[in-house]
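Hello,

Here is the structure I promised to pass on. Please open it alongside this message; my notes follow below.

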Amino acid sequence: MELDGLRALVAFAEAGCNLTRSGKAVGLSQPAMHARLQAVGKELDVTLYERRGRTLQLTAEGGQVLAWARDVLEREQSLRAELHGGRATQRVVVACGEGALVHVVSGRLAALARARPGVLSFLVLDGPAAAAAVERGTAHLAVAAGPAGATPGLRSFPLLTTPLLAVVSRTHPLAHAGQEVDARTLLAHSLLLPPPGRVLRTTLEELAAAHGLPLRVAVEVTGWEAVCRLASLEVGVGLVNALVPTPELARLSVRGLPSTTYRLLLRRGRGTPLMDEVVEALRTASSPAPS
């Protein structure tokens, strides 16, 4: 398969599946761009994209080919540089949520970032979007919270497991309940939770159902900093992982509330020496304790 076809596919995806814009990016007219993409699809016996309403979108198979194309072009660039005695401009894109970046990833990759300026790029996305970025090939790695097997198309390695804590203002009734409360006591209060579908929200929905209690949501919110701020204003009870420093809030363990595991996600078969170095740093270093 010709590399020009793969370059065309990557350009097509990066142009929002627009034939005219992607054609200009690679020096082709719209008909020529269409023909080049059709040739790639024909060689692999798949349909790369289809019309949905007024726009073109990649099919599931097209997304798989796109991720593979990015891998091939990245390896081709590295090989050319090696053959000519140079060094390819390499970069590893790590997708993760803001909380994971601040409290899990940054401490593990700081030494590498200092030693190798310019080789790391962080893409701030929530867990499902971070995993999807790895599947599409727009990120090399992702760090996300969730159970094993939540992303069956990706390799998954546990990085750390941390308990979830309830956080409240120091004048909140729960602040005087001791250092630990049970799940029923927690569920009697309105909580600061992410929207439905997020791992933490699902965990609390299941916990409430197991106790036969309604889940009381004070505010739907994402981001540890926002949760802590709203908890300090007594809008509701926040839930954060134990890595998050909360010096102005009371912290309580919750009996029956499962811990959170952060996992490293990567696609099978993708790898470069630099990527291996990043994986090693993420898997062996430890995050600093919260203050």
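**An enclosed strand**

Start with strand E7, residues 164-168. Five of its five residues are buried, so E7 is largely enclosed by the rest of the structure. Bear in mind throughout that this is a predicted model.

Both faces of E7 are covered. On one side sit Leu 164, Ala 166 and Val 168, all buried.

E7 has two strand partners to look at. One is strand E11, residues 237-241, which runs antiparallel to E7 and is joined to it by four bridges. Val 167 has Gly 238 as its bridge partner there. The other is strand E12, residues 250-255, again antiparallel and again joined to E7 by four bridges. In E12, Leu 252 is the bridge partner of Ala 166.

**The nonpolar core**

The largest nonpolar core holds 36 residues. Leu 141, Val 143, Leu 264, Val 278 and Leu 282 touch the most other members. Several elements each supply at least two residues of this core, among them strand E3 (92-96), helix H5 (98-115), strand E5 (141-145) and helix H10 (273-284). Strand E6 (154-162), helix H9 (224-232) and strand E13 (260-267) do likewise. In soluble globular proteins, nonpolar side chains tend to be buried together.

Leaving aside residues up to four places away in sequence, Val 278 touches Val 92, Val 94, Leu 109, Leu 112, Leu 120 and Leu 141.

**Thr 138**

Where is Thr 138? Its place is in the loop between helix H6 (127-136) and E5. Thr 138 is partly exposed because its relative accessible area is 29%, between the 20% and 50% cut-offs. Thr 138 touches Arg 70, Val 93 and Ala 133, not counting residues up to four places away in sequence. Glu 248 is 110 residues from Thr 138 in sequence, and their C-alpha atoms are 38 Å apart in space.

**The whole chain**

- The chain has ten helices and 13 strands.
- Its C-alpha atoms fill a box of roughly 70 × 50 × 30 Å along the principal axes.
- Of the 291 residues, 44% are buried.
- Of the contacts with a separation of 6 or more, 73% are between residues 24 or more positions apart.

Best wishes

Terms used:
Residues are numbered from 1 along each chain as its sequence is written. This is a predicted model: local features need pLDDT of at least 70, side-chain atom pairs count only at pLDDT 80 or more; totals for chains, interfaces and linings use all residues. Side-chain values use heavy atoms; hydrogens and water are left out. A nonpolar core is a set of buried Ala, Val, Leu, Ile, Met, Phe, Trp, Tyr and Cys residues joined through side-chain atoms within 4.5 Å. Buried means under 20% relative accessible area, exposed over 50%, partly exposed in between (1.4 Å probe, protein chains only). Contact means heavy atoms within 4.5 Å. Two strands pair if DSSP finds at least two bridges between them.
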